[in-house]
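Try each task before reading its solution.

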Amino acid sequence: MANTPQARKRIRRNDRRAEINGARISRIRSFVKKVETAIAGGDKAAAQEALHAAQPELARGVARGVLHKNTVARKMSRLSKRVAAL
């Protein structure tokens with residue numbers, strides 16, 4: 001258990017940040033899922049539109065520190081490749 005005031009404060013802060021970051025990741029996953037469902041449906045126009053909407057969300061996740069930049073680069077590369085293949 002935390003014994004110092006600073007440690008108690010860090011616990012409170014970490015709980016708040018975990019909730020915020022969880023919401024951010026969930027939002028990003030929703031955007032990625034829209035791209036994947038459009039790809040599965042075979043609709044290239046919808047997939048491209050969804051991909052263009054997902055790109056800034058993924059970049060924002062990197063900027064906010066909830067996702068690693070290489071992870072986002074890999075996801076974007078794979079999604080772009082799948083959309084182009086339609």
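**Exercise 1.** Find which residues E57 touches, leaving out those up to four places away in sequence.

*Solution.* In this predicted model, look for heavy atoms within 4.5 Å. With the sequence neighbours set aside, E57 touches R27, I28 and F31. E57 itself sits in helix α2, which covers residues 44-64.

**Exercise 2.** Decide whether E57 is buried or exposed.

*Solution.* Start with the relative accessibility of E57, which is 8%. The cut-off for buried is under 20%, so E57 counts as buried.

**Exercise 3.** Locate the salt bridges in the whole structure and work out how they are connected.

*Solution.* Step one: a search of the whole structure gives 2 salt bridges.

Step two: take the pair E57 and R27, whose side chains meet at 3.0 Å, N to O. This pair links distant parts of the chain, as E57 is in helix α2 and R27 is in helix α1 (residues 5-41), 30 residues apart. R27 counts as partly exposed, at 45% relative accessibility.

Step three: take the pair R60 and E57, whose side chains form a salt bridge at 2.7 Å, N to O. Both residues lie in helix α2, 3 residues apart, or about one turn of the helix. R60 has a relative accessible area of 38%, so R60 is partly exposed.

Step four: look for shared partners. The salt bridges join R27, E57 and R60 into one network.

Key. Residues numbered from 1 in each chain as written. Predicted model: local features only at pLDDT ≥ 70, side-chain atom pairs only at ≥ 80, totals over all residues. Heavy atoms only, no water. Helix = DSSP H or I, 4+ residues; strand = E, 2+ residues; numbered from the N terminus. Buried < 20%, exposed > 50% of the residue type's maximum accessible area, 1.4 Å probe, protein only. Salt bridge = Lys/Arg side-chain N within 4 Å of Asp/Glu carboxyl O.
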